[in-house]
Amino acid sequence: MANEENDPVVQEIDVYLAKSLAEKLYLFQYPVRPASMTYDDIPHLSAKIKPKQQKVELEMAIDTMNPNYCRSKGEQIALNVDGTCTDETSTYSTKLMDKQTFCSSQTTSNTSRYAAALYRKGELHLTPLHGILQLRPSFSYLDKADAKHREREAANEAGDSSQDEAEEDIKQITVRFSRPESEQARQRRVQSYEFLQKKHAEEPWVHLHYYGLRDSRSEHERQYLLCQGPGMSESTELIKSPSEYLMMLMPPNIEEEKEKPMAPSNVLSMAQLRTLPLADQIKILMKNVKVMPFANLMSLLGLGTDSTSVLRCIQQVAMLVQGNWVVKSDILYPKDSSSPHSGVPAEVLCRGRDFVMWKFTQSRWVVRKEVATVTKLCAEDVKDFLEHMAVVRINKGWEFLLPYDEDFIKKHPDVVQRQHMLWMGIQAKLEKVYSLLKETVPKTAEGQSVPVMLISGDQRVQAAKAKAQQNHLLLERELQWKKEQLQAMQVSSSVRIKEEPVSEEEEEEEQADKEEEPMDTSTCGSLRNKLANGLPTGRAMGGDTLNGHPPTGCGEAPMARELRAFVEATFQRQFVLTLSELKRLFNMHLASLPPGHTLFSGISDRMLQDTVLAAGCKQILVPFPPQTAASPDEQKVFALWESGDMSDQHRQVLLEIFSKNYRVRRNLIQTRLNQECGEDLSKQEVDKVLKDCCVSYGGMWYLKGTVQS
């Protein structure tokens, strides 16, 4: 306080923001000159600019009458550059180096923190800078001199040799046509340094007129550095509330995520490895080993490690293939990486490696040519995939690296079921991406080399009894539920619940749910035909609920709370989701839950949709084109209507636009947002709304999940 009293405020200066030259103002940094000389005193002969590259070239006169100028050296340089002849292409028409070229380079790509300030009459006027260019002398005339010298030497050598050489005989030449360029080769060529340099050189120069400091035109343009007045609209950005101004002065610290120290990729120190968290230990081991049985993993983690925790962690970084764990593709190929062989992005590599892993879930053998034909990847990438998890056999193909682990399959059937659900989702995605025919998908009934577990007659009887008891308990529970539902409906008979119209497909699903299902006592029925949302249909009872929600006090309240919490958390992260994508995320969520969780009691599609609507979301009726290849689940689009932030109104306007249009251009979106919101939104605000809800493809904007490539 004492220091503040001794340092009083002497003067307050008003600050204004001028925008007239905001997109046109550049700062040129010239080389250092003596204090007695300014660059405005030196005549500027010419100026030109390449706007896209923000590259400038200036030609400035050299004072040849200055006593410090070496005239003989200037004449020698002009002679070396232009030679003895003088024409229009000569660099120095006076046969004397009387000018110098300055070429610019960008000092920084982010100029948002820099502005030009003009102080006048007790007011400080700021104009944002569009670019900062640093001018350096260009010595291109030396290259021209070297080229002239080489031409003269070549001409002299040709003149000497032509006197002794006879006329050459006519020779036959062979004409060859280049092969068509592949897409991968074209991408490598486009990203090369030579191509970028050629593209930059092709941009034409725009010639400029230079006006000095004391020129009337310069004085006229300099007036634009002043704001029009304190009441004009240009200065509204500086009018902030105290809290907003404080936030601008002291923005919240954004801690950069620092990578944790990891063990070397080629050498693992077990002592250092065991100091890391369990999840990191498993991730490092799987990333280095690629394929490992569960028993070997437990032995590497040391004594006393909980197997349940290991199972929970291993499913985050690996997939189950023939009873063994294979590291996930996105662990080996992170998002921003690419192939070292072909330059293919990580997304394509992950898709191709997932196809190889899926093939090994169907058979012990894989043929490399078949994988290359389907994935359209180069031979080196496919070979890397196979070497991760298989070994080559002469005249047979590639065999999976490890034997079938029957012990793990018997001990952990719940994990096997969750992994099977994940593989079903991956298979559906691969069939869509690679357009696989149904006969391409291997059948498990015939020709499968995976070992089959033999079951005795007593075991079959015991399994049938256990399953019959389980079905009996489920039927009793459903009967009790229906009784309570009937009682609740009788009590509230005066209340009418308005039902939304449903489509013919949903009516058929409800009719199928109401039909009684015969009790199945077989032990090896088809899992695919008994799954609804990845769970046994005997436990999916969402078809007989009140408006998709179980009645109060029926024992399903914990499940409803868990489901609603998942839906709300998912839509807070992703504002727009199709039903297909939501089901995929829900299946992944189920795979991460511990055995016996309440959500494993069964969630139907209808219950999932009703929970989404109850969580504050709305269904957006996107008008898909008649020839669309989207499935019914992909055509059901849900969006979070209110999230509580400042962009709710903007998102609602955007969603209304897409309820009438399948795809929209950006300028139409921005115009509609400005009209509905009553203000001109900035580019950052529009970008945020589009990033939350849309994706761009081919110059058009689509709602997330609706674009059909």
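Select helices α13 and α14 to begin: their crossing is right-handed, a term applied when the near helix is turned clockwise from the far one by less than a right angle, anticlockwise being left-handed. The model is predicted, so to speak of local features requires pLDDT of at least 70 and side-chain atom pairs count only at pLDDT 80 or more, whereas totals for chains, interfaces and linings use all residues. Residues are numbered from 1 along each chain as its sequence is written, and side-chain values use heavy atoms, with hydrogens and water left out.

**First stop: α13 and α14**

Helix α13 covers residues 346-362 and helix α14 covers residues 368-375; they pack at an angle of about 140°, with axes 10 Å apart. Axes here are lines fitted to C-alpha atoms, for helices over the stretch in contact, and angles run from 0 to 180 degrees between N-to-C directions. The angle makes α13 oblique to α14, where under 35 degrees is roughly parallel, over 145 roughly antiparallel, 65 to 115 roughly perpendicular and the rest oblique. Helices (H or I, at least four residues) and strands (E, at least two) are DSSP runs, numbered from the N terminus.

To display the contact (heavy atoms within 4.5 Å), select Gly352, Phe355, Val356 and Lys359 on α13, then Glu370, Val371, Val374 and Thr375 on α14. By class, these residues of the α13 and α14 contact are 4 nonpolar, 2 polar and 2 charged. Nonpolar covers Ala, Val, Leu, Ile, Met, Phe, Trp, Tyr, Cys and Pro; charged covers Asp, Glu, Lys and Arg; the others, Gly among them, are polar.

**Second stop: α14 and α15**

On α14, highlight Arg368, Val371, Ala372 and Thr375, which meet Ala379, Val382, Lys383 and Leu386 of α15. The contact of α14 with α15 has 5 nonpolar, 1 polar and 2 charged residues.

Move to residues 278-289, helix α9, and residues 294-301, helix α10; their axes come within 11 Å and cross at roughly 125°. Leu278, Gln281, Ile282 and Leu285 of α9 make the contact with Leu297, Leu300 and Leu301 of α10. In the contact of α9 with α10, 6 residues are nonpolar, 1 is polar and none is charged.

Most residues other than glycine have a negative phi. Select Lys121, in the loop between β6 (115-120) and β7 (123-128); its phi is near 55°, a positive value in a residue other than glycine. Lys121 is exposed, with a relative accessible area of 80%. The cut-offs are under 20% for buried and over 50% for exposed, with partly exposed in between (1.4 Å probe, protein chains only).

Next select Gln322, in the loop between β11 (318-321) and β12 (324-327). Its phi is also positive, near 55°. Is Gln322 buried or exposed? Gln322 is buried, at a relative accessible area of 7%.

Strand β18 spans residues 576-578 and includes Thr578. This threonine is buried, with a relative accessible area of 4%. Which residues does Thr578 touch, not counting those up to four places away in sequence? They are Asp633, Glu634, Lys636, Val637, Lys704 and Gly705. A distance drawn from Thr578 to Lys636, C-alpha to C-alpha, gives 5.5 Å, for a pair 58 residues apart in sequence.

**Last stop: the whole chain**

Finally, display the complete chain, which has 26 helices and 22 strands. Of its 709 residues, 32% count as buried. Among the contacts in the chain with a separation of 6 or more, 68% are between residues 24 or more positions apart. The accessible surface of the chain is about 46700 Å², with 52% belonging to carbon and sulfur atoms; areas come from the Shrake-Rupley method with a 1.4 Å probe, and for residues only the protein chains shown count as cover.
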